[in-house]
Amino acid sequence: MTDDPDTLSARELAHRIREGRLSAAAVTRGVLDRVARVNPGINAIVQECGDAAMAEAEAVDRKAAAGERLGILAGVPVTIKVIADQAGYATTNGTTLARDLVAKADNPFLRNMRAEGAIVVGRTNTPAFSYRWFTSNLIHGTTVNPRNHGLTPGGSSGGAGAAVAAGLGHIAHGTDIAGSIRYPAYACGIQGLRPTPGRVPYFNATSGDRAIGPQMMAVSGPLARRVDDLRLGLEAMAGEDPDDPWSVPVPLRGAPYRRRVALVTHPGGIDTDPRIVDDLHRAAGILRRAGWEVETPTHVPEIREAVELQTDLWLSDAYADKLAAAEAEGDPGALACLGKFRERASTIDTARITRLFIRRSALARAWRAFLADYPVVLTPVSAELPFRQDEDLEGPEVLDRLWEAQLPQVAIPLLGLPGASVCSGIEGNVPSGVHIVTAPWREDICLDAAEVLEAGFGVPEVAG
């Protein structure tokens, strides 16, 4: 069996490092050398961690030599999104306004990853304020999709997706409030998991509670080329932490479940691209051959309203402050995104917020009942194949179309559901994928189904 770290899963890599068959320092040096060669062409990693990474890797090797316990990510190279605190680095969130906001301590999920032996090899790019499905900003520049330079790498965790696709670390950290993990995974031809809110602890001491996002909908999760790496990354990130009062120590494996799937090719009536519809039917066939029941239900709970509620919930969270910050930053993408909703934001009053939470509860109940019958819902990640680079800056009508296409991305967070994006293949340098949705706290079901699909679709290769 090869010792090339790029060909090994994170689990196997950590196993060999724990056994002393591979050196964490050698693995890390190899990844850093690859970063030096590849990253200048894609700009996925925008804050370098090379010296610290080598010191951490050498410490792992010393522990291994001394027979000390090493964690599940022993020596595994990872990247962290610049939205999250990492001691000694600026938590820029893609803005010049925060260029000097240097963290003094790690975010809780990163403390968890380090405790399991992860080696941070770099920090990845995000659009300004993490607002877009595209990744460019005035402080770090533009991230390029390593699969196809004409396509977006996705956003807001576009740097994370590009880094994983290019082999710059086995597992990447991302955050997701409206597809910011799942869409970069889709656009870059890899795998991504948005966990249940509360599964992964998150708190930035540099900016306090405001960094958590509207009512804690933004959650941290892993991106990787292999589904098992998602599983391992989630295990390392997860856990209760006093810094995050919403974090919960729920077991990662739930009760036995019926392997039954609802195939929903056009959720909310979206005009799904024929290639994506074909991918969904191929996915259904893979699951059936593996012994899963797959049905096309006659009724699916309302999902389009969830998008409207999610949008209003975001706008109700200090829209004027968001707009002022975007104007001070001067970022075209952030201004286009916020400008789309300027008039709508002005209509949101306390009565609307009250109705919003009432309807949110009703929709969440309906979806939980549906997921009790269908533990897996299979949908598009997006109605369209990955967008062109910076397509959202081409005018209001284009931006409206993109928001319509992203309905599955935006709706799921409002409902508090976990979701995974699974790569279905790359044709003509254009990635595609499918979206798996499960009940809260059932990431295990999500990953079980994703592994079946990965076995059928194949593990994505490193780009380039």
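## Helix α3

In this predicted model, the buried residues of α3 are Gly50, Ala53, Met54, Ala57, Val60 and Asp61. Buried means under 20% relative accessible area and exposed over 50%, with partly exposed in between (1.4 Å probe, protein chains only). These residues cover an arc of only 120° around the axis, which puts them on the same side of α3; the arc is that of the directions from the helix axis to the C-beta atoms. An α-helix has 3.6 residues a turn, so residues three or four places apart point the same way. Asp51, Arg62 and Ala66 are exposed on the other side of α3.

The buried residues of α3 pack against α1 (10–19), α2 (24–42), β1 (45–48) and β3, where contact means heavy atoms within 4.5 Å. Helices (H or I, at least four residues) and strands (E, at least two) are DSSP runs, numbered from the N terminus. Just after α3, Gly67 takes a positive phi of about 75°.

## Aromatic pairs

The whole structure holds 12 aromatic pairs. Rings of Phe, Tyr and Trp (its six-membered ring) pair if their centres lie within 6.5 Å; planes under 30 degrees apart count as stacked, over 60 as edge-to-face and the rest as tilted. The rings of Phe129 and Tyr131 are stacked, because their centres are 5.4 Å apart and their planes are at 25°. Both Phe129 and Tyr131 are buried.

## Numbering and limits

Residues are numbered from 1 along each chain as its sequence is written. Local features need pLDDT of at least 70, and side-chain atom pairs count only at pLDDT 80 or more, while totals for chains, interfaces and linings use all residues; side-chain values use heavy atoms, leaving out hydrogens and water.
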